Amino acid sequence: MKRIISICFFVSLVMAGCSDIEVDPVQIMRVDQMVANFPEMNSDEQEDELAIMRPELDAMFRVMGWPAPGKSEVEWWAESEAVKMFQPAVDSVFPSLDKQEFQLAHILHRAQLKHFGLPDNLKFGAVVWGKPQPIVRVDSVVLIALNHYLGADFEGYSHWEYYRRAEKTPRNISYDLAASLMATQYPFATKTAPTLLSWMLYEGALVEARMTLVPQASLNIALGYDAKELEYLEDNTKGIWDDMKLMKIIYSTDPNIIDRFIAPSPVSPLVNYKVPGRIGRYIGYKIVLEYLKNNPSTALVDIFKPEFYDNPQTLINSGF
């Protein structure tokens with residue numbers, strides 16, 4: 001299976017977005033299964049697997065803070081608590097990654113059409129670990145921790161609040177991949193202390209990345225809401241925005257205020273206890289949409305740059 005997707009040749013298809021053309025699936029190496037099965041392999045098989053998955057293995061161990069592994073290190077990790085706890089469930093939920101590989105191919109293909117500048121040599125690996133990050137890019141290797149996507153009802157997530165569990169599902173992988181790829185390629189950066197507005201616009205841009213790159217994307221999933229929460233926000237956007245303006249916090253650089261509007265939470269109490277959490281991301285997305293509508297010559301890649309999200313003029317020019 002190929003790592004690099006095919007290129008769209010016809011200009012008419014490019015203009016249409018090439019959403020319906022066939023692309024080669026992008027392989028996601030099953031590092032998780034290799035590690036789990038490693039102790040049962042003979043020496044030659046172990047050497048072969050180490051050679052095949054060396055880039056992904058090295059990246060995984062680097063994230064975990066360890067040097068590049070040999071046989072003994074992989075065998076040790078195979079007996080770790082994380083692997084023993086999660087791998088059976090991962091094998092059950094993800095007997096194959098065919099769907100994810102198909103979605104990934106389309107994400108990369110659409111990113112190419114939009115000139116997002118992602119490297120064309122990216123490699124992808126599925127892992128199991130105890131780290132809090134579900135997706136991490138290390139140089140040219142992108143690691144997807146499948147144990148973060150076992151379903152909202154997975155017993156191992158029972159200690160998390162519902163709004164966190166809701167995003168721990170297989171369907172969220174493609175959305176998280178789209179956002180992670182763009183956030184890694186275009187990390188948040190400001191010349192001075194970031195404002196709430198800067199973070200809102202950046203988070204809004206990442207939502208637009210999800211909607212643009214994920215095949216048949218759903219807005220409520222891209223935003224992290226259920227259907228009722230999104231309906232409430234759509235019905236009350238103007239009132240929420242008016243309240244935020246009255247609070248005079250849009251240009252605040254207070255990290256605590258920014259966190260209350262951007263970080264995951266069940267509600268947004270600084271606005272109203274009826275308002276779902278992460279309201280800053282939702283309003284930021286609405287501003288981004290208005291800006292793109294009223295400034296049609298804007299290249300989509302530009303909304304991921306500081307000149308857009310770290311610029312007070314963006315709000316004015318959006319007409320929001």
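1. In which helix is Asn172 found? Asn172 belongs to helix α9, where helices are DSSP runs of H or I of at least four residues and strands are DSSP runs of E of at least two, both numbered from the N terminus. With a relative accessibility of 4%, Asn172 counts as buried; buried stands for under 20% relative accessible area, exposed for over 50%, and partly exposed for the range in between, with a 1.4 Å probe and protein chains only. Setting aside neighbours within four places in sequence, Asn172 is in contact with Tyr149, Ala166, Glu167 and Ile221, contact meaning heavy atoms within 4.5 Å. Pro266 is 94 residues away from Asn172 along the chain, and the C-alpha atoms of the two are separated by 18 Å.

2. On the basis of the note: this is a predicted model, in which local features need pLDDT of at least 70 and side-chain atom pairs count only at pLDDT 80 or more, while totals for chains, interfaces and linings use all residues. Residues are numbered from 1 along each chain as its sequence is written, and side-chain values use heavy atoms, with hydrogens and water left out.

3. Helix α9 (residues 172-185) packs with helix α7 (residues 98-113) at an angle of about 35°, and their axes are 10 Å apart. Axes here are lines fitted to C-alpha atoms, for helices over the stretch in contact, and angles run from 0 to 180 degrees between N-to-C directions. The crossing of α7 past α9 is right-handed, that is, the near helix is turned clockwise from the far one by less than a right angle. From α7, the contact involves Gln100, Gln103, Leu104, Ile107 and Leu108, and from α9 Ile173, Ser174, Leu177, Ala178 and Leu181. These contact residues comprise 7 nonpolar, 3 polar and no charged; Ala, Val, Leu, Ile, Met, Phe, Trp, Tyr, Cys and Pro count as nonpolar, Asp, Glu, Lys and Arg as charged, and the others, Gly among them, as polar.

4. The open sheet consists of 4 strands in the order β1-β2-β4-β3, with mixed pairing. Two strands are taken to pair if DSSP finds at least two bridges between them. The edge strands β1 and β3 (135-138) each pair on one side only. On average, neighbouring strands of this sheet are turned by 25° against each other, direction ignored. Helix α4 (residues 54-63) lies across β1, β2, β3 and β4 and runs at about 65° to β4.

5. How is strand β2 placed in relation to the rest of the structure? Strand β2 (residues 123-127) is largely enclosed by it, because 4 of its 5 residues are buried. Strand β1 (residues 28-30) pairs with β2 in the parallel sense over 3 bridges, and β2 pairs with strand β4 (residues 141-145), also in the parallel sense, over 5 bridges. Ala126 of β2 stands opposite Arg30, and its bridge partner in β4 is Ile144.

6. Strands β3 and β4 run antiparallel and are joined by 4 bridges; Ile135 stands opposite Ile144 in β4. The two strands form a hairpin with 2 residues between them. Asp139, in the loop between β3 and β4, has a phi near 55°, a positive value in a residue other than glycine. Asp139 is exposed, its relative accessible area being 53%.

7. The largest nonpolar core has 77 residues, and Phe124, Leu177, Met182, Met244, Ile279, Ile283 and Phe304 have the most contacts inside it. Such a core is a set of buried Ala, Val, Leu, Ile, Met, Phe, Trp, Tyr and Cys residues joined through side-chain atoms within 4.5 Å. Helix α10 (residues 196-213) gives the most to this core, with 10 residues. A second, separate core of 26 residues includes Leu57, Met64, Trp77 and Val136. Apart from neighbours within four places in sequence, Ile279 is in contact with Tyr225, Leu233, Ile240, Phe261, Ser268 and Val271.

8. Met211 is found in helix α10 and, at 24% relative accessibility, counts as partly exposed. Not counting residues up to four places away in sequence, Met211 touches Ala217, Ser218, Leu219, Ala222 and Tyr285. In the loop between α10 and α11 (219-223) lies Gln216, which has a positive phi of about 50° although it is not a glycine. Gln216 is exposed, with a relative accessible area of 80%.
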